[in-house]
Amino acid sequence: MRKPLFTGSAVAIITPFTDNGVDYPSLAKLIEFQIQNGTDAIVICATTGEASTMPDDEHIATIKFAVETVNKRVPVIAGTGSNDTRHAIELSKAAEAVGADGLLSVTPYYNKATQKGLYKHFKLIADSVTIPIILYNVPSRTNLNINPETIEALAKIDNIIAVKECNLGQVGDVVNLCGEDFSVYSGDDNSVLPVLSLGGQGVISVMANIIPQDTHNMVAKFFEGDCKGAIKLQLQTLNLIKALFSEVNPIPVKAAVNLLGFTAGQCRMPLTELEDHNLELLRREMKAYGLIK
């Protein structure tokens, strides 16, 4: 049996930026806030962290900073995916070299590889490193699905141990095909409980940026057998989640982190600031949730 990289809630943490680069002091505060409030793992430099607009040197420096700041208190999982297999390999090897505990590797976007191409892509990445890899299947962003049979084949590679699955309709098939020693994590905050009920191990979460304790507790309660308590938490997050996805991620969640009193900065272009009406929606739902006054 392969041990899960984590069970529970991993935050897909934002990257706070200044005009000159990463705001490392603010990132350190966000990491401490997460660890103090029950987050089970930190996912750094993924979609929510705006890795797609980070040059390689900044990308790896940010992973290194997170590893050093966390200091083994929870796993640090580095986003190192790319639609260029060679680039993904380079980023993955560099992340391993600076101490990442695992990697999150997204389905190649834009190129629209075949299932054979997806298998070869992820196998080459896995062969280049020794640390665990979580596949990231997010068809809404990549316009490409990793089919369950392809995930089954990839799961036979020793260090491909999990998938962050955003295609809820195939979660059951993936669990059935891949067995108990392959972990499935929800990639959508509004379907954590459905994924857990089908055999999932947790969530890689956007909402955990602002409600880390509740996100952790939702999963913990489920595994403790308190399904009613877990369902209650899932249901009470739904309106907040709608506000957090009123525009493309991570535009709303960075605004939410700023509203909490942290310094998140703005998103990098081509992402722009949250529209005023969506900012009001976000503020209203954060007030209703008890996060701000």
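Leaving aside neighbours within four places in sequence, Thr48 is in contact with Ala12, Ile13, Ile14, Thr15, Val206, Asn209, Asn249, Pro250 and Val253, where contact means heavy atoms within 4.5 Å. The model is predicted, so that local features need pLDDT of at least 70 and side-chain atom pairs count only at pLDDT 80 or more, while totals for chains, interfaces and linings use all residues. Residues are numbered from 1 along each chain as its sequence is written, and side-chain values use heavy atoms, with hydrogens and water left out.

**The annotated positions**

- The unreviewed UniProt entry places the feature "binding site" at Thr48 and Ile204; such annotations may be inferred rather than shown by experiment.
- Although these residues are spread over 157 residues of sequence, they cluster in space, with a largest C-alpha distance of 10.5 Å.
- Thr48 lies in the loop between β4 (41-44) and α2 (56-70), whereas Ile204 is found in strand β10 (residues 202-205); helices (H or I, at least four residues) and strands (E, at least two) are DSSP runs, numbered from the N terminus.
- Thr48 is buried, with a relative accessible area of 3%, and Ile204 is buried as well, at 2%, where buried means under 20% relative accessible area with a 1.4 Å probe and protein chains only.
- Not counting residues up to four places away in sequence, Ile204 touches Phe6, Ala10, Ala12, Val43, Leu104, Ile134, Lys164, Tyr185, Ser186 and Gly187.

**The second largest pocket**

- This pocket has a volume of about 310 Å³; on a 1 Å grid over the protein atoms alone, a pocket is an open set of points where a 1.4 Å probe fits, with protein on both sides within 12 Å along at least five of seven lines, and lining residues have an atom within 4 Å of a point.
- Its lining has 20 residues, of which Arg141, Gly187, Asp188, Phe245 and Asn249 lie nearest its centre, and the lining also includes Thr48 and Ile204.
- α5 and β10 each supply at least two residues of this lining.

**The largest pocket**

- About 650 Å³ of space lies in the largest pocket, a volume being the space filled by probe spheres set on the grid points, which are joined across faces, edges and corners.
- Of the 29 residues that line the largest pocket, Thr47, Ala51, Ser52, Tyr109 and Arg141 are the closest to its centre.
- The elements giving two or more residues to this lining are α2, α3 (85-97), β6 (102-106) and α5 (139-142).

Terms used:
Buried < 20%, exposed > 50% of the residue type's maximum accessible area, 1.4 Å probe, protein only.
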